[in-house]
Amino acid sequence: MVVGAVAGAVLLPLLAVPAHAGSSTEPAVDLAGVRGVLRSALAQGAPGSMARIDDGGTVYQAAAGVADRGSGRAMGDADRFRIGSVTKTFTAVVLLQLVDEKKLSLDAPVNRYLPGLLPDDRITVRHVLGHRSGLYDYTNDMFAKTVTGFEAVRKKVFTPRDLVKLSLGRARTNAPGAVYSYSNTNFVVAGMLIEKLTGNPVRTEYENRIIAPLKLRDTFYVHPGMEIPGRHAHGYLTPDQAGAPLVDATDQTVSWAQSAGALISSTRDLNTFLSALLGGRLTSAAQLAQMERWMPASGSGQAYGLGLRRRDLSCGISVYGHTGAVQGFYTYAFASKDGKRALAAVANTSNNGTVLNTMLRTLDSAFCGKSAKAVRPPRGKAPVERHEDVAPALTLD
């Protein structure tokens, strides 16, 4: 084991000689680049940040800053955290498994399985999983005010129907199937489909279909419980007012997100999950191909399938996974096409558009290596996140 510490960042390649480094044409991991990104996130307001890259038999880790501002404990790979909308990929996998089991058709109306739930029979399961249903994202209103909106729901427990009702109180954003329009409502509906078709809570299905088979020791769905089990990073929400103190947002029900964003995990488990998914070990080849039927998404260089995002990097390489933003945490979880190289990176802050954009650069360092082109930050004041995974004028999700 080689251990090096530079300016608050720790780099830990766990194996000195790679057992598998991908194809001979793959760029080498740029560890120095990853380390630089993490340190930049700290300078921009994140208390801590970390990244893990699994490249065949080699594991690289980098961490900077603190997991807990109160104790000053350093951020480390063993820390669990809330993964926000990376949950959506787990939810999509369960539904695609149900398609494999002939319990669900992607092109059937949602109302076939959940009669009367939606006001339009043209909205299909595929539309929901691809964010093309036109269902309004209720979190736009819920978190219009960052801290007060969060505190209003921190301890609340919603039913999924409560959340869908909030969405249906507003006009739809587009006709079913017309265009991509990111909405947490879609994956609340997806969770309802899982529960209706299996007769089990979504927690049970995550555990039986993904967590237990992959031996994910750090992945939990504790809703409506408020605490992250075991060793974990604290998450810090940035208030809207400049200079106001960070808010410790670690404990919450995440009932406002549920199957759209309430899972807890670790960098290790996220890499294991994505490697298994893209390696064909969680669905049939046919259903993985459905997840990878790409449609244009907001922002340049990216597309969306079914609960899965494709990002096109500066060196021409594409990676596959999801992003997550939940109060206190920003997560990037992506892997190569074959799943043999995977990156999970997290900063323990949110409502900070500068940090969000900075953490994106871990992908270039991990997959493009030193050939990655310099990414210029946006001009002017960085936009801030108002609600889960979406920020005004910020082309992320």
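How are H1 and H12 oriented to each other, roughly parallel or roughly antiparallel? The views below come from a predicted model, in which local features need pLDDT of at least 70 and side-chain atom pairs count only at pLDDT 80 or more, while totals for chains, interfaces and linings use all residues. Residues are numbered from 1 along each chain as its sequence is written, and side-chain values use heavy atoms, without hydrogens and water.

**View 1. Packing of helix H1 (residues 31–43) with helix H12 (residues 353–367).** The two axes, lines fitted to C-alpha atoms over the stretch in contact, come within 8 Å and cross at roughly 175°. H1 and H12 are therefore roughly antiparallel (angles over 145 degrees). The contact (heavy atoms within 4.5 Å) involves Gly33, Val34, Val37, Leu38, Ser40 and Ala41 of H1, together with Val355, Thr358, Met359, Arg361, Thr362, Ser365 and Ala366 of H12.

**View 2. The buried side of helix H9 (residues 202–211).** Val202, Glu205, Tyr206, Arg209, Ile210 and Ile211 are buried, that is, under 20% relative accessible area with a 1.4 Å probe and protein chains only. These residues lie on the same side of H9, because their arc around the axis is only 150°. Their packing partners are helix H2 (87–100), helix H8 (184–198) and helix H10 (267–278).

View 3. Proline 224 has 44% relative accessibility and counts as partly exposed, the class between 20% and 50%. Not counting residues up to four places away in sequence, proline 224 touches Val157 and Thr253. Its C-alpha atom is separated by 7.3 Å from that of valine 254, 30 residues apart along the chain.

Notes
Helix = DSSP H or I, 4+ residues; strand = E, 2+ residues; numbered from the N terminus. Arc of directions from axis to C-beta. Axes fitted to C-alpha atoms, helices over the stretch in contact; angles between N-to-C directions. Parallel < 35°, antiparallel > 145°, perpendicular 65-115°, else oblique.
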